[in-house]
Amino acid sequence: MKEAIDRRALPERGKYQELKVCADGSERAHQPFSGWSELWIFTGTRCNLTCAGCYTESSPKNDSFRFLTREQAEKILLEARDLGIPRINFTGGEPFYNPEFPAILERTLALGFECLVLTNLTRPFESKGRDLAHQRIRAGYPLYFRASLDHPDPIIHEQGELGPAKIRDYPVAGSPPQGRKFWFFSGFNRGPGSFRKTVRNLGELFHMGGRISVAGRGPQGVGGDLFQAYLAETEPKFRELFRENRLPADLPLKIFPDIGGRSERDVPEITQHRCRTLISPGTFDGLMCNQVRMVAVPAVWNGRENHTPRVYPCTIVPDNPAMVLGTSLQEAAERETYLADPRCYRFCIAGGASCSKD
Ligand code: SF4
Ligand code: SF4
């Protein structure tokens, strides 16, 4: 099959500029939806913290994605129930920073869904979520929590570039050419006291019978083999932290690679030809866009104020309007996803990462 077409007939284009076509004119990789494993719901870009390198640039003032309302959630949940979706995952921002989130969570559980909440388990959880979580876990509801912990060292987790732990000397076995690297923890700054709160709340949830897991982000700008070396070095330290805090040493743990922004296009594009010949079928089958969708409410759509929830193929690309698949779950399930964002390559193809699958 002839993959590339005559570039002389095309206007100049850069990488990741068109949805269906790569810069060299090749057909961009795309895939149909294979069926629902879960639905992600984005609760808004407000968060009590302002972590540098946050995938969603969340902060107490970021309103680029609105707080999801109870009314919007009700409509989404009823459609999800009709479609037989078994599990709802909530992410943000900090879900418990959304004033209507506790009611949304209660309703989600009452409708019979399994439910996962991604949270930093700090102040908003303590004031708005802890009592509800404890009560529902004790009552046997399938309510799970994934807590954000960037690093097992509290100083690095909390202070990042602001504190004395900005540069630490970590030997990395086999990392060429110097044999010794420095990690720059420039994306980590969750603030004083956050580590202790998160670990304490994680322990409470676990000891009352809750299902818990941990997710963190790798240092900014670290990818490929260096990221693998970082994982090999950091995971045992997380395991030690879990043991010290009477948590299971084999607690599910995800450490995500730095994914850069939508505008950072200095990575290869994935053509349809390349994806079918060079990338293993397992990689493609495991992509989030193969089996999940995410709903979020962008504050602006086509230059106008927006209050309509939009459906995205996954958790990674909500700031890219070209990736939107529709305004209903059914419509979004019927449409193919084009791997038209540089983070498709960084996070999923090169990074092999997925927010799903505990
Ligand atoms: S706690 Fe999570 S959502 Fe909030 S700013 Fe930090 S990384 Fe972003
Ligand atoms: S970021 Fe990953 S899951 Fe999302 S659309 Fe791209 S390839 Fe699919």
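## The shell around ligand 2

Which helices each supply at least two residues of the shell around ligand 2? They are α9 (288–291) and α11; helices (H or I, at least four residues) and strands (E, at least two) are DSSP runs, numbered from the N terminus. The model is predicted: local features need pLDDT of at least 70, side-chain atom pairs count only at pLDDT 80 or more, and totals for chains, interfaces and linings use all residues. Residues are numbered from 1 along each chain as its sequence is written, while chains are lettered from A and ligands numbered from 1 in the order in which they are written.

A residue counts as near a molecule or strand if its C-beta atom, placed from the backbone, lies within 6 Å of it. Ligand 2 is surrounded by 14 residues, the closest being Met-288, Cys-289, Cys-314, Cys-344 and Cys-348. Helix α11 gives the largest share of this shell, four residues. By class, 11 residues of the shell are nonpolar, one is polar and two are charged. Here Ala, Val, Leu, Ile, Met, Phe, Trp, Tyr, Cys and Pro count as nonpolar, Asp, Glu, Lys and Arg as charged, and the others, Gly among them, as polar.

Eight of the nine residues of α11 are buried, that is, with 20 or more other C-beta atoms within 10 Å of their own, C-beta atoms being placed from the backbone. They are Pro-342, Arg-343, Cys-344, Tyr-345, Arg-346, Phe-347, Cys-348 and Ile-349. The buried residues of α11 pack against α8 (281–285). Just after α11, Gly-352 has a positive phi of about 60°.

The largest nonpolar core has 75 residues, of which Leu-39, Ile-41, Cys-115, Met-294, Tyr-312 and Cys-314 touch the most other members. Such a core is a set of buried Ala, Val, Leu, Ile, Met, Phe, Trp, Tyr and Cys residues joined through C-beta atoms within 7 Å. Helix α11 (residues 342–350) contributes the largest share of this core, five residues. Apart from neighbours within four places in sequence, Ile-41 is in contact (C-beta atoms, placed from the backbone, within 7 Å) with Leu-68, Ile-76, Ile-88, Phe-90 and Val-295.

The residues around ligand 1 include Cys-47, Cys-51, Cys-54, Glu-94, Asn-120 and Ser-148. This shell has four nonpolar, seven polar and one charged residues.

Tyr-97 lies in the loop between β3 (87–91) and α2 (101–110). Why does Tyr-97 count as buried? Tyr-97 is buried because 26 other C-beta atoms lie within 10 Å. Setting aside neighbours within four places in sequence, Tyr-97 is in contact with Arg-46, Cys-47, Asn-48 and Pro-124. The C-alpha atoms of Tyr-97 and Phe-125 are 7.9 Å apart, although 28 residues separate the two along the chain.

## Strand pairing

The protein chain has 11 helices and 14 strands. Strands β5 (residues 143–148) and β8 (residues 211–217) run parallel and are joined by five bridges; strands pair if DSSP finds at least two bridges between them. Phe-145 has Ile-212 in β8 as its bridge partner.

Strand β8 also runs parallel to β9 (residues 253–256), with four bridges joining them. Arg-217 is partnered by Phe-256 in β9.

Terms used: A residue is buried if 20 or more other C-beta atoms lie within 10 Å of its own, exposed if 12 or fewer, and partly exposed in between; C-beta atoms are placed from the backbone. Two residues are in contact if their C-beta atoms, placed from the backbone, lie within 7 Å.
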